[in-house]
Amino acid sequence: MEVSWQLVRHEGTDALTLGRLAEAAGVTKPVVYDHFGTRHGLLAALYRNFDKRQALILDAALAASEPDLESKAHVIAANYIGCVLAEGRELPDVLAALSASPELAAIKKECQQSYIAKCLKVLSPFTPTKPLSKAALWAMLGAADALSNAVFTGDISEADAYSELRGLIIAMVGRA
């Protein structure tokens, strides 16, 4: 996986083929083909790898946070922006490649739905009379993606992105 991320970082996703990965990793092509099957399988594995790492970081931070809305919103916002930025340009490239096929788009959607379910579970105690709507949670995720991308491209600061996302989360819960 690390070699795959390095290839994307240095050469972009277009250069990420199973043959190129085998060469860069110093293994034979059958090893890579047996492990990933196809290029789509490799891209899916990369995204799942990112998603798993993000989930572990978020879970640990949430467990260590105070049990109030402001703390939970802080953790969600800071970790989303931070995890995306920590990946560098590799993640947007993999995300773009994931949109190239219905199979890969389904994997991305599955990971997004898992993230939304986690946020719903964390934020639900603060909306005891009315649950958060799916639309609100999808809007939060879209905002998180857009803000992370704007930081990545240098259009806004990381602090501004964090502050805006945290505020959006608190406002979303307040509306419910």
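Trainee: Which of the residues lining the largest pocket lie nearest its centre?
Mentor: This is a predicted model, in which local features need pLDDT of at least 70, side-chain atom pairs count only at pLDDT 80 or more, and totals for chains, interfaces and linings use all residues. Residues are numbered from 1 along each chain as its sequence is written, and side-chain values use heavy atoms, with hydrogens and water left out. On a 1 Å grid over the protein atoms alone, a pocket is an open set of points where a 1.4 Å probe fits, with protein on both sides within 12 Å along at least five of seven lines, and lining residues have an atom within 4 Å of a point. The largest pocket has 18 lining residues, and nearest its centre lie Tyr 80, Val 84, Leu 91, Leu 95 and Asp 145.

Trainee: How much space lies in the largest pocket?
Mentor: Grid points are joined across faces, edges and corners, and the volume is the space filled by probe spheres set on the points. For the largest pocket this comes to about 250 Å³.

Trainee: Which helix gives the largest share of the lining of the largest pocket?
Mentor: Helices are DSSP runs (H or I, at least four residues), numbered from the N terminus. At least two lining residues come from each of H4, H5, H6 (90-98), H7 and H8 (134-152). The largest share is five residues, and they come from H8.

Trainee: How many residues of the lining of the largest pocket are nonpolar?
Mentor: Ala, Val, Leu, Ile, Met, Phe, Trp, Tyr, Cys and Pro count as nonpolar, Asp, Glu, Lys and Arg as charged, and the others, Gly among them, as polar. The lining has three charged residues, four polar ones and a nonpolar group of 11.

Trainee: The structure holds two aromatic pairs. What class does the pair of Tyr 47 and Phe 50 belong to?
Mentor: Rings of Phe, Tyr and Trp (its six-membered ring) pair if their centres lie within 6.5 Å; planes under 30 degrees apart count as stacked, over 60 as edge-to-face and the rest as tilted. Tyr 47 and Phe 50 sit three residues apart in H4 (residues 39-64), about one helical turn. Their ring centres are 6.2 Å apart and their planes are at 40°, so the pair is tilted.

Trainee: How many residues apart in sequence are the parts that Tyr 80 and Tyr 115 tie together?
Mentor: The pair of Tyr 80 and Tyr 115 is edge-to-face, at 5.4 Å centre to centre and 65° between the planes. Tyr 80 belongs to H5 (residues 69-87) and Tyr 115 to H7 (residues 102-123), so the parts tied together are separated in sequence by 35 residues.

Trainee: Which backbone nitrogen lies 2.9 Å from a polar atom of the Asp 68 side chain?
Mentor: Asp 68 is in the loop between H4 and H5 and is partly exposed, at 28%. A polar contact is a pair of N or O atoms within 3.5 Å; within protein, one must be able to donate a hydrogen and the other to accept it, and residues adjacent in sequence count only if both atoms are side-chain atoms. The Asp 68 side chain reaches the backbone nitrogen of Glu 70 at 3.2 Å. The nitrogen at 2.9 Å is that of Ser 71.

Trainee: How far from Cys 83 is the nearest cysteine sulfur?
Mentor: A disulfide is a pair of cysteine sulfur atoms within 2.5 Å, and the structure holds zero of them. Cys 83 is in no disulfide, and the nearest cysteine sulfur, that of Cys 119, lies at a distance of 12 Å.

Definitions and conventions: Buried < 20%, exposed > 50% of the residue type's maximum accessible area, 1.4 Å probe, protein only.
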